[in-house]
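Good morning, and thank you for making time for this presentation.

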Amino acid sequence: MHVLVLGAGVTGVTTAWYLARAGFEVSVVDRQPEAALETSYANGGQISISHPEPWANPAAPLNALRWFGREDAPLLFRPHADPAQWAWTLAFLRECLPHRARRNTAAIASLAVHSGERLRALRAETGIAYDHLERGILHLFFTPQEFARVGAKVAELATYGIQARSCSRDECLAIEPALAGTAGELAGGLYAPNDESGDAFRFTQALAERAAQAGVRFHYNTTITRIDHSGGRMNGIEVHDAEGRNGGLTAAAYVLCLGSYSRPLVAPLGEQLPIYPVKGYSVTVPLRDPQRAPSVSLTDESRRIVCSRLGDRLRVAGTAELNGYNTEINLARCQAILDWLEARFPDVTDTAGAHLWAGLRPATPGNVPLIGRSRLPNLWYNTGHGTLGWTLACGSASCLADLMSGRRAPVPHFPFLGNEA
Ligand SMILES: Cc1cc2nc3c(=O)[nH]c(=O)nc-3n(C[C@H](O)[C@H](O)[C@H](O)COP(=O)(O)OP(=O)(O)OC[C@H]3O[C@@H](n4cnc5c(N)ncnc54)[C@H](O)[C@@H]3O)c2cc1C
């Protein structure tokens, strides 16, 4: 059966890979000239299995109020006259209810654990290189109040089969000696030794190359302008290529992996996907002094900033902004990230050579991605991965390939869409 995957970000390329491995004939279409040039381009680099808790949690509304109006706030709401933005925000507030946050956390955790296993297997099978490190993630807490909750977090993670431990300041320093300069401010940490880090862009490009060698066809520079449908089925997609030609592509089945652009494309089919773009920023800086740079991936829980070593570069990412499809770089928000970097690791990086980037997380209100069959029998979804698309990519894609093959996906606690076997 021929399957057309719409989108060549990390989600689309992993989907193409696992579908091809399952015996499907696969093509991929993307408007960019190469894979992973949009949100999968410069994310925080974390395979963060130890952070299944969504932004929509009981503490979020109070935090958002605390940060309201601050240009450098970790979470910034820029109101638009856009019903989709308001509907998403209301849905987000609903997902902050304790029982919903618990259910979403459990779903994400079970998919994340499975995804970590699939990523390791894929790496062993293909040997692809993407500046990855298997040194774990160290979550840092800078206030005693936040650190006081670590014991409960460790216990909760254990119920999902995620290994983590609480660390004193000295233990944090032993795990990552590059923190010596900020140790005085540190209250403590949570260390998840099985987490990883790596460059999602390099991974996706390398996997796309392997997939092409295995027979997957890639149609780059091809923008999908409309979905052609009738009688409750998809008939094909209308496309526009870089030479200005209009055309069409057809297949027996279609998988939507368009990230933040998924919702508008399927809205004419009557599908109301609860996905809204949540903008984030990253800065990537060359290392001046590699010996003093961290190699354990870090999450500053107080500032919502993550930091990953990618070869001879350091990637620092964070902030969330509800501002529609705007991808302009706001210098104040990037400066907040650069200030964090200089304060934590002074003179370790060459900040003058910083590459500033903004991307749109395809966020569902509860951060649970949409995976499975749509209401149309030949349209499937693998989209809406929000803050964890890199972490969840291999698990989501391999589960989708299972479902499309008529098998049960091996993640019992995840709410896959449709009525799969
Ligand atoms: C600042 C930041 C930090 C992050 N850090 C992490 C992290 O540390 N760990 C983690 O797990 N996740 C992280 N994420 C989230 C992760 O990057 C995303 O969830 C993931 O990249 C989404 O991948 P995707 O393939 O679904 O979307 P995308 O990468 O956006 O891919 C969608 C593709 O669809 C194509 N497309 C869109 N519309 C059309 C059209 N009309 N026609 C043709 N093609 C089209 C685009 O060109 C694009 O290639 C972060 C995100 C941000 C913004």
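The model itself is a predicted one. That assignment gives domain 1 as 2–40 + 202–273 + 367–404, and domain 2 as 50–197 + 276–363. Taken over C-alpha atoms, the centres of domain 1 and domain 2 are separated by 27 Å.

For context, the UniProt record, an unreviewed entry, carries the annotation "domain: FAD dependent oxidoreductase" over residues 3–403. Over residues 3–403 the chain is 33% helix and 27% strand. The end C-alpha atoms of that range are 13 Å apart.

Let us turn to the interface. How many residues of domain 1 are in contact with domain 2? There are 33 of them, and they meet 27 residues of domain 2. The size of an interface is often given as the accessible area lost when the parts come together. Here domain 1 and domain 2 bury about 2700 Å² between them. Of that area, 66% lies on carbon and sulfur atoms.

As for charged pairs, the count between the two domains is two salt bridges. I would also draw your attention to arginine 21, which forms a salt bridge with glutamate 125. The closest N and O atoms of arginine 21 and glutamate 125 are 1.8 Å apart.

I now move to strand 16, which comprises residues 305–310. Is strand 16 mostly covered or mostly open? Strand 16 is mostly covered, with six of its six residues buried. In a regular strand the side chains alternate between the two faces of the sheet. On one side of strand 16 we find Ile305, Cys307 and Arg309, and on the other Val306, Ser308 and Leu310, all buried.

Which strands pair with strand 16? One is strand 15, residues 297–300, in the antiparallel sense over three bridges. Within that pairing, leucine 298 stands opposite cysteine 307. Strand 15 and strand 16 form a hairpin with four residues between them, and arginine 304 in the turn has a positive phi of about 60°.

Strand 17, residues 313–322, also pairs with strand 16 in the antiparallel sense, over six bridges. There, leucine 310 has arginine 313 as its bridge partner. This second hairpin has two residues between its strands, and glycine 311 in the turn has a positive phi of about 65°.

That concludes my presentation, and I welcome your questions.

Technical notes. Residues numbered from 1 in each chain as written. Predicted model: local features only at pLDDT ≥ 70, side-chain atom pairs only at ≥ 80, totals over all residues. Heavy atoms only, no water. UniProt positions renumbered as here; feature names shortened; annotations may be inferred. Buried < 20%, exposed > 50% of the residue type's maximum accessible area, 1.4 Å probe, protein only. Pairing = 2+ DSSP bridges. Domains from an automatic or database assignment. Contact = heavy atoms within 4.5 Å. Buried area = accessible area lost by both parts, 1.4 Å probe. Salt bridge = Lys/Arg side-chain N within 4 Å of Asp/Glu carboxyl O.
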